[in-house]
Structure formats: C-alpha cells, structure tokens
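Have the sequence and the 3D view open as you read.

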Amino acid sequence: MQKSKIDVILGIQWGDEGKGKIVDVLAPRYDIIARFQGGPNAGHTIKFGNTTHVLHTIPSGIFHEGKVNVIGNGVLIDARIFCQETAALRQAGIEACKRMKISDKAHLILPTHRLLDAALEARKGAKKIGSTVKGIGPAYTDKTARCGLRMGDIFHPGFEKKYNALKEEHLLQLKQYGFDIDAAAIDGMPWREYEDKWMQGIEELRGFEVISTEFYLDRAMREGKKILAEGAQGSLLDVDFGSYPFVTSSSTTASGVCVGLGVPPSAIGRVYGIFKAYCTRVGSGPFPTELNNETGEELRKKGHEFGATTGRARRTGWLDLPALRYTLMINGVTDLIMMKADVMDGFESVQVAESYRLDGKQVDGYPDTEAAERVEPVYVQMPGWRKPISSARTYDSLPQEFKSYVEYIVRNTGLDIKMISVGPDREETIVNA
Ligand code: GDP
Ligand code: IMO
Ligand code: MG
C-alpha cells in the first residue's frame with residue numbers, strides 16, 4: 001500500500017483565523033488530528049449545537065468519536081492548563097485520555113516559565129511583544145538551550161529533582177531581574193498554589209499514552225490512515241518569517257509540521273491556508289491595513305474580535321493581499337479557506353490592499369518589520385453585499401457582490417477557495433465553494 005500523506009491546516013494571517021472550527025468540520029474525513037507547534041497561547045474555538053468550546057493544547061478533532069488526537073513533539077504543554085481542558089471536556093462527556101496520544105518529546109511549560117515570560121515582558125516596557133504570557137518564549141528558549149523538561153521525563157524517578165533544578169535556575173534569573181517572587185501570581189492565584197495544581201496535572205498526564213509519536217504517525221501513514229495537522233497561531237507570527245520580534249517562538253508555517261511531528265517533507269499533502277475575509281492581530285507589531293476608526297470598531301464588534309485565550313480586544317483591518325501572497329509562497333498553500341465574511345454583511349463598500357508603497361515607491365516582496373510599520377497600503381474598493389450570508393449553504397445562493405469579492409481574491413492569489421465559513425457554527429459552512 002502506498003504511504004498516505006498528511007494534510008495541513010494553517011492560519012495564514014496573524015492567528016485566530018478560525019482554525020479550530022475548520023479542523024472540527026474536516027475531522028470526519030481523517031483518522032488522526034495532530035498539533036505540531038505552539039502551546040496554550042493558542043485558543044481554538046469550536047461551536048456546535050448550543051455549546052462553545054475553546055481548546056488551547058488539545059487538538060480540535062477531540063469531539064469526534066473514533067479519531068486519534070496527537071500532541072506532537074513540537075508542542076508545549078502546561079500541565080495545569082492541559083488538565084483544565086480535560087476537565088472541561090469531561091463535563092461534555094469526553095474522556096480525553098481515551099482519544100489522545102502525546103509525544104514523549106513534547107516540552108513542558110513550568111510555572112516559573114510563566115513568571116519569566118511576565119518579567120521579560122515587563123522589562124520590555126513600551127516595546128513589549130504583547131505575549132499571551134503563557135510561558136511560550138521562555139519554554140522554547142530552554143528547549144533550544146538544551147535544559148528543558150520533556151513529557152518523557154515525568155515517568156522517570158529523577159523527575160522531581162530535575163524539575164527543582166530548573167525551577168531554581170529560573171528563580172535565580174527572576175531575582176536578577178528584581179522580580180518580586182513572593183508576591184507573584186499566576187492566573188489569579190499565588191504562584192506556589194499554581195505550582196501545586198501543576199504538579200497534580202503532571203500526575204494526571206501520567207495516565208495518558210505518552211509515546212514516540214513519530215513512529216506512530218509513520219505506521220499510520222503506511223497503513224493508509226488519513227492525517228490532518230492542525231497549526232496554531234498564524235504565518236505572520238512565525239519566529240523566522242513573521243514581523244520579528246513581534247512574533248511567537250515557533251515555526252508556524254508548513255515546514256513546522258515536519259519538525260513538530262517528525263515526518264519527512266515528502267509526507268506533506270494538501271496545505272489549506274485559512275484566512276479571514278478581513279484581518280485581525282492581537283498584541284504589538286506592524287499591521288499595515290489596520291483601521292483605527294469606526295469601521296475597525298464595527299469589525300471588532302460584529303466579529304466578536306476578543307481573544308479566545310486572553311480576552312484582549314483584537315486589532316482589525318482590511319484584507320491584505322501583499323501579506324497573503326507572502327504567506328502563500330512560504331507555505332506552498334494548495335487551497336484557500338475563507339472565514340468570517342458574514343462579519344462584513346451590510347457594509348456599503350469593502351476594501352482590499354493590493355500592494356504597498358513606501359517613500360513613494362511600490363514595495364516588492366514583503367517588507368521587514370521597520371518598513372512594514374511605515375508602508376502605505378494601496379486599496380481597491382468594491383461594493384459591499386447588503387444581504388446577510390450566514391444562512392447560505394451553496395456558493396450559487398450567495399449575493400453577487402460577495403461572489404465578486406471571492407473571485408477577486410481567487411484571481412489575485414491564483415488559488416481556489418475550497419470552503420467558505422459564514423458563521424461560527426459547524427453547520428455554517430459552504431464546502432466545495
Ligand atoms: P483559531 O485560533 O484560528 O481557532 O480562531 P479563534 O477561535 O481564536 O477565533 C475565531 C473566532 O471566530 C471564534 O470566536 C469562532 O467561533 C469565530 N468564527 C469562526 N468562523 C466564523 C465565521 O465564519 N463567522 C463568524 N462570524 N465567526 C466565526
Ligand atoms: P491561535 O492558535 C493570535 C500572539 C500574541 C503576541 C505574540 C507572541 O489561537 O491563532 P506568545 O504568547 O506566543 O509569546 O505571543 O503572538 N499570539 C497569538 N495571536 N492567535 C494566537 O493563537 C496567538 N498565539 C500567540 O498575541 O502578539
Ligand atoms: Mg485563536
């Protein structure tokens with residue numbers, strides 16, 4: 001039997017494109033759903049029936065019986081947050097440990113990684129990244145500095161000793177920063193209380209199947225099983241290709257799948273690029289098409305653009321084609337999925353940035369961070385669609401103005417839009433648009 005390929009779902013803007021919803025919608029077509037990077041900085045929302053779930057570390061295929069959800073080696077796990085997720089799933093009647101496998105090489109976020117994240121952000125002052133402060137930066141730093149703790153360590157007798165040694169190292173650093181350790185809190189509780197709950201989480205994690213998932217995935221591909229890789233964050237937050245330093249600390253692009261799951265480049269199949277019909281960004285950094293006006297406010301209100309992880313208001317703006325072309329190139333996107341166009345229902349007109357100008361000249365390629373702060377987008381304006389689109393289930397039934405918007409994007413990217421999401425619910429989706 002020929003080895004099957006891994007399809008990939010990637011956010012191709014600044015995150016929060018709606019990856020969770022689409023992974024949940026596509027999950028019935030796959031056998032295995034695998035996260036390959038990021039950690040609890042992600043917030044993936046899934047809505048069906050009368051319920052809304054937000055997942056941070058657990059893959060978005062968890063609601064489907066008979067599917068295996070894998071947390072790959074590239075993911076970071078905070079034992080406390082992870083167990084809050086499993087508790088919420090238990091309330092919904094799902095025993096996560098029966099549907100999951102976790103890589104023995106996935107790294108742990110310690111409570112002191114979270115304190116370090118907070119201390120480092122505070123030291124940056126006005127130049128802060130706007131991190132979710134979930135410990136992502138410090139935990140990936142320890143991974144590459146070769147002093148992190150991995151899931152496999154929790155089964156060894158020396159785990160507590162290793163934990164304490166790394167914690168002491170972190171406390172030393174925090175002291176050097178003048179951080180008030182005794183007064184420190186995490187998620188509204190004294191940090192030592194958080195540490196106790198984290199340790200309880202480690203105990204719960206010991207009940208999960210922790211294996212070398214690279215072998216499991218290789219076997220699954222040989223058996224012809226279908227695998228979907230679920231990205232977190234977005235390509236413009238990638239540690240290399242995003243607006244550095246206003247990025248996250250992992251490879252959020254298609255190549256992150258290989259290193260985050262232990263699969264070869266030849267294993268990658270379709271690459272689905274998910275984008276909103278407009279743009280949002282949460283945290284600091286350049287955002288060329290940002291709208292600091294009433295239209296921006298309307299997008300925020302109608303799109304409920306408040307973070308699924310931190311509750312922070314998301315910045316909003318028009319669709320940005322130069323940014324999209326850049327991320328399509330880096331990821332080798334094969335198909336597009338468009339989200340949240342319903343948020344623009346009723347707009348008299350809509351705009352799209354076709355190119356950027358800088359110092360009076362057209363910009364080629366994609367600008368670096370400093371230039372991206374100064375570029376002026378060149379917009380094209382199109383008529384809006386007056387009729388609401390949320391109840392549409394076929395492409396043909398959509399208003400003509402909206403179809404023109406879609407066709408304009410297809411023309412300018414050279415890619416088909418395979419799905420159009422017209423609302424947050426599973427059902428509010430036009431498949432094979
Ligand atoms: P993710 O991080 O990419 O999974 O996205 P988030 O869950 O952080 O943010 C997407 C938000 O938009 C969530 O609140 C979803 O319920 C919601 N959403 C997803 N698709 C649509 C859509 O097509 N229309 C509307 N109005 N909301 C959507
Ligand atoms: P999902 O998977 C949107 C942003 C933060 C900050 C920067 C660095 O839900 O799309 P970090 O906590 O990683 O140190 O933050 O990245 N960020 C996200 N923005 N969606 C996310 O995840 C994000 N994860 C991190 O706001 O600007
Ligand atoms: Mg999100």
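## The magnesium ion

In this predicted model, the magnesium ion (ligand 3) has Asp16 (OD) and Gly43 (O) as its protein donors, 2.1 to 2.2 Å away. Donors here are N, O and S atoms within 2.8 Å of the metal (3.2 Å for Na, K and Ca), and water is not among the atoms, so sites may look incomplete. The pair ties together distant parts of the chain, 27 residues apart: Asp16 is in the loop between β1 (6-11) and α1 (19-26), and Gly43 in the loop between β2 (32-35) and β3 (44-48). Helices (H or I, at least four residues) and strands (E, at least two) are DSSP runs, numbered from the N terminus.

Asp16 counts as partly exposed because its relative accessibility is 22%, while Gly43, at 11%, counts as buried. The cut-offs are under 20% for buried and over 50% for exposed, with partly exposed in between (1.4 Å probe, protein chains only).

## Around ligand 1

Asp16 turns up again here: a side-chain N or O atom of Asp16 is 2.9 Å from an oxygen atom of ligand 1. Lys340 has a side-chain N or O atom 2.9 Å from a ligand 1 oxygen, and for a polar side-chain atom of Ser421 the distance is 2.5 Å. On its own, ligand 1 has 580 Å² of accessible area (Shrake-Rupley method, 1.4 Å probe), and the protein covers 91% of that.

## How to read the numbers

Residues are numbered from 1 along each chain as its sequence is written, with chains lettered from A and ligands numbered from 1 in the order written. Local features need pLDDT of at least 70 and side-chain atom pairs 80 or more, whereas totals for chains, interfaces and linings use all residues, and side-chain values use heavy atoms, leaving out hydrogens and water.

Technical notes. Polar contact = N/O pair within 3.5 Å; in protein donor to acceptor, adjacent residues only side chain to side chain.
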